[in-house]
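Me: Please take a close look at the aromatic rings in this model. I would like the pairs, where they sit, and what surrounds them.

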Amino acid sequence: MYEEAPMTDTVEDFDARKAQASQWFSDLRDRIVAAFEGLEDSHAQGPLSDQAPGRFEVTPTERKGPNGEDHGGGKMSVMRGGRVFEKVGVNISTVWGELAPRAQKAMAARGVPGMEEDPRFWASGISLVAHMQNPHCPAVHMNTRMFWTPGAWWFGGGADLNPCIEYEEDTEHFHAEMQRACDTHDKSYYDHFKAWADEYFFVPHRGRARGVGGIFYDDLNTDEWDEDFAFTQSVGAAFLPAFQPLIEKRRVQDWSEEDRETQLRHRGLYAEYNLVYDRGTKFGLETGHNADAVLMSLPPVAKWY
């Protein structure tokens with residue numbers, strides 16, 4: 001599952017690679033934020049077209065060590081109450097330090113080499129969750145990240161669609177874009193990572209999937225850093241072509257109170273999954289990252305019955 005970091009890779013090699021990955025996640029964040037604000041600006045018709053377009057509020061985040069030393073941070077970018085997005089967060093972070101004993105044991109149990117001897121880590125990535133105003137517009141999640149320890153490195157990420165009212169053609173489009181990103185690198189990736197997403201985003205206590213899936217991968221280390229990073233870039237770059245056309249098409253549709261009820265109940269399912277099962281939520285809270293940034297994925301309003 002994990003390849004140990006090759007002895008030919010110097011600390012300087014990985015410092016350069018870390019910086020390259022971190023910068024790319026930041027650039028992707030900027031492109032997505034600009035595209036989402038563009039969707040707000042171009043909402044010329046539809047149920048909420050008379051509202052002012054939404055804008056992101058950007059808050060710096062920081063992670064401090066036990067003695068107050070700098071352990072990295074990032075940006076939490078959240079838009080609330082837009083005319084297209086009811087709530088959307090696009091967060092980036094680059095953090096480092098030592099894993100707490102519980103997180104260290106979890107990493108060791110997953111097979112990460114050297115965790116028991118050296119708990120240092122470095123992690124960088126982008127995380128996005130969008131909850132839409134119009135129930136006909138699907139919610140969506142996307143994440144790509146790089147993780148480094150003294151004994152190993154790997155990439156992870158993916159994207160999945162979460163409509164409360166499903167349209168088959170939207171599901172097909174989203175999956176086609178994810179498959180295109182995978183096929184550019186390895187023809188076996190899509191089937192493997194789609195199945196992984198179906199398993200990972202399943203809600204056991206409800207006996208159903210969180211949404212209509214997408215792709216999910218973790219622990220990706222083929223011993224070719226440049227290729228694994230390039231694949232992760234392809235996944236991130238595929239997000240807007242996969243998601244934006246769906247919103248442009250659905251945002252103008254009228255909705256009923258029944259549609260809104262369906263949306264709010266589906267959001268309850270989404271919240272349950274993220275609080276009970278999501279590994280990223282657990283890791284972020286256990287490693288001391290900003291709690292508001294970690295819990296950005298929660299919907300603004302939800303219902304349970």
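Reply:

**Aromatic rings and their setting**

The protein chain has 305 residues and a radius of gyration of 19 Å; a compact globule would have a value near 19 Å, so the two agree. That radius is taken over C-alpha atoms, and the globule rule is 2.2 Å times the number of residues to the power 0.38. This is a predicted model: local features need pLDDT of at least 70, side-chain atom pairs count only at pLDDT 80 or more, and totals for chains, interfaces and linings use all residues. Residues are numbered from 1 along each chain as its sequence is written, and side-chain values use heavy atoms, without hydrogens and water.

The protein chain has 8 helices and 9 strands (DSSP runs numbered from the N terminus; helices are H or I with at least four residues, strands E with at least two). Seven strands make an open sheet with antiparallel pairing, in the order β1-β2-β3-β4-β5-β6-β9. Two strands pair if DSSP finds at least two bridges between them. The edge strands, β1 (57-64) and β9 (213-220), each pair on one side only. β6 and β9 run antiparallel to each other over 6 bridges. Ala159 stands opposite Ile215 in β9.

Now the rings. Rings of Phe, Tyr and Trp (its six-membered ring) pair if their centres lie within 6.5 Å; planes under 30 degrees apart are stacked, over 60 edge-to-face, and the rest tilted. By this rule there are 26 aromatic pairs. One of them is Phe155 with Trp225, tilted, at 5.8 Å centre to centre and 55 degrees between the planes. Phe155 lies in strand β6 (residues 152-162) and Trp225 in helix α5 (residues 225-250), so this pair ties together parts that are 70 residues apart in sequence. Both Phe155 and Trp225 are buried (under 20% relative accessible area; exposed is over 50%, partly exposed in between; 1.4 Å probe, protein chains only).

Tyr189 and Phe193 also form a tilted pair, 4.9 Å centre to centre with 35 degrees between the planes. They are 4 residues apart in helix α4 (residues 189-200), so about one helical turn separates them. Tyr189 and Phe193 are buried. Both belong to a cluster linked by ring pairs, whose members include Trp196, Phe216, Phe231 and Tyr277.

The charged end of Arg17 is over the ring of Phe14, 5.2 Å from its centre. Lys18 lies over the face of Trp148, 3.6 Å from the ring centre. The rule asks for NZ of Lys or CZ of Arg within 6 Å of the ring centre and within 35 degrees of the ring normal.
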